[in-house]
Amino acid sequence: MEYTTLNNGLKMPTVGLGVFTFSPEDAEQAVEVALHSGYRLIDTANAYVNERGTGRGIKNSGINREDVFVSSKLWPSEYENENAVGETLERLGLESIDLLFLHQPAGNWRAGYKLLEEAYKDGKVKAIGISNFEGKYLDELLEICEVIPQVMQVECHPYFPQAESRQITEPKDIKIMSWYPLGHGDKNLVNEPVFAKLAEKYHKTPAQIILHWHVQMGFIVIPGSRNPEHIRENIDIFDFVLTDDEMAEIAKLDKNERYYHRSEKELAQYATWKPEYEAAAN
Ligand code: NAD
């Protein structure tokens, strides 16, 4: 496993498992498979309603807690709940968390960020993250924050490599963590001829070439999979290096085009939606 160092000195694995859309049971199983396959980073969120399953997977793996880097995200309807961090830890079955994000720049996100800063000072949160805070939200956050975030989790892949945001994050050494790193199941991205060509050269799959590209770009990457073979494949990406020419060829795929378009109306809805933590044994 390769690690990167965050702007506060914390070491973080560069590849992890994301459990978005997983049932609590699927999260439990996939997390255990991943940790037994060498993963040391797991990414979940309040909104995925599988933090309890994720926590069980970590416990069942038998891997020491201090060897696993766990990230989760506060949902906007939690930003004014002063117990939001404690309740997240309780669901995960952890005493502290390595990285906690604000999931969306919705609702009272300024209050939410203060919650994270307080938990960071108390040692309950080892690093602070923001997710989907691009453009004006990132600008304002950097103006008002006391603690500069360590990580920004955003949609990022060869079709949309976050060129604009990186002009702001890179000088502040805020690491990009890529969501939809493989295009969320869109075959067009994985089937781009350049990846087939490089896969043949390096004896890898196109997905492994894309995931390696993320790491070589300096991103942290969290592909999602419930399939044990894919889970193992997605971490076996450290035994080759793409040349400058190959990186330049992949850079030509940048269309500055996202898969996911979020409207202001959706942001307003996010502020009132509440995850149903108690609806299932999650
Ligand atoms: P992804 O790009 O990782 O794609 C997942 C898809 O690729 C699935 O269909 C999976 O079956 C397939 N796949 C995985 N490994 C493969 C392989 N080796 N070969 C072929 N196909 C493979 O998209 P995702 O899972 O939606 O996102 C990854 C993670 O990003 C999530 O689990 C979550 O942690 C995070 N995320 C965060 C946000 C946010 O708002 N912060 C939004 C979306 C996702």
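Biologist: Is the residue Glu-134 buried or exposed, and what is its relative accessible area?

Modeller: The model before us is predicted, and the values below are computed from it. Glu-134 has a relative accessible area of 13%. Because the word buried applies to residues under 20%, Glu-134 is counted as buried.

The next matter is the partner of this residue. The side chain of Glu-134 forms a salt bridge with that of Arg-258, with 3.1 Å from N to O. Glu-134 lies in the loop between strand S7 (128-131) and H5, whereas Arg-258 lies in the loop between helix H11 (244-251) and helix H12 (264-272). The two residues are 124 residues apart, and the pair thus links distant parts of the chain. Arg-258 has a relative accessibility of 29% and is classed as partly exposed, while Glu-134 is buried.

This pair may be set beside other salt bridges, for which the count in the model is 16. One of them joins Glu-146 and Lys-121, whose closest N and O atoms are 2.8 Å apart. Here Glu-146 belongs to the loop between helix H5 (136-144) and strand S8 (151-155), and Lys-121 belongs to helix H4 (residues 109-122). This pair too links distant parts of the chain, its members being 25 residues apart. Glu-146 is exposed at 58% relative accessible area, and Lys-121 is exposed at 53% relative accessibility.

A further salt bridge connects the side chains of Glu-28 and Arg-56, at 2.8 Å from N to O. Arg-56 is partly exposed, with 30% relative accessibility.

Salt bridges can also form a network, as they do among Lys-204, Asp-236 and Asp-239. Lys-204 leads us to another residue, Phe-240, which touches Lys-204 as well as Tyr-202, Gln-208, Ile-209 and His-212, residues up to four places away in sequence being left out. Phe-240 sits in the loop between helix H10 (228-233) and H11. Phe-240 has 6% relative accessibility and is therefore counted as buried.

Helix H8 (residues 193-202) and helix H9 (residues 206-216) pack at an angle of about 95°, and their axes are 8 Å apart. The two helices are therefore roughly perpendicular to each other.

Finally, Arg-232 is located in helix H10. Arg-232 is partly exposed at 44% relative accessibility. Apart from neighbours within four places in sequence, Arg-232 is in contact with Val-33 and Ser-37. The C-alpha atom of Arg-232 is separated by 19 Å from that of Trp-179, which is 53 residues away along the chain.

To return to the request, Glu-134 is a buried residue whose side chain meets that of Arg-258 in a salt bridge.

How values were computed. Residues are numbered from 1 along each chain as its sequence is written. This is a predicted model: local features need pLDDT of at least 70, side-chain atom pairs count only at pLDDT 80 or more; totals for chains, interfaces and linings use all residues. Side-chain values use heavy atoms; hydrogens and water are left out. Axes are lines fitted to C-alpha atoms, for helices over the stretch in contact, and angles run from 0 to 180 degrees between N-to-C directions. Helices (H or I, at least four residues) and strands (E, at least two) are DSSP runs, numbered from the N terminus. Angles under 35 degrees count as roughly parallel, over 145 as roughly antiparallel, 65 to 115 as roughly perpendicular and the rest as oblique. A salt bridge is a side-chain nitrogen of Lys or Arg within 4 Å of a carboxyl oxygen of Asp or Glu. Buried means under 20% relative accessible area, exposed over 50%, partly exposed in between (1.4 Å probe, protein chains only). Contact means heavy atoms within 4.5 Å.
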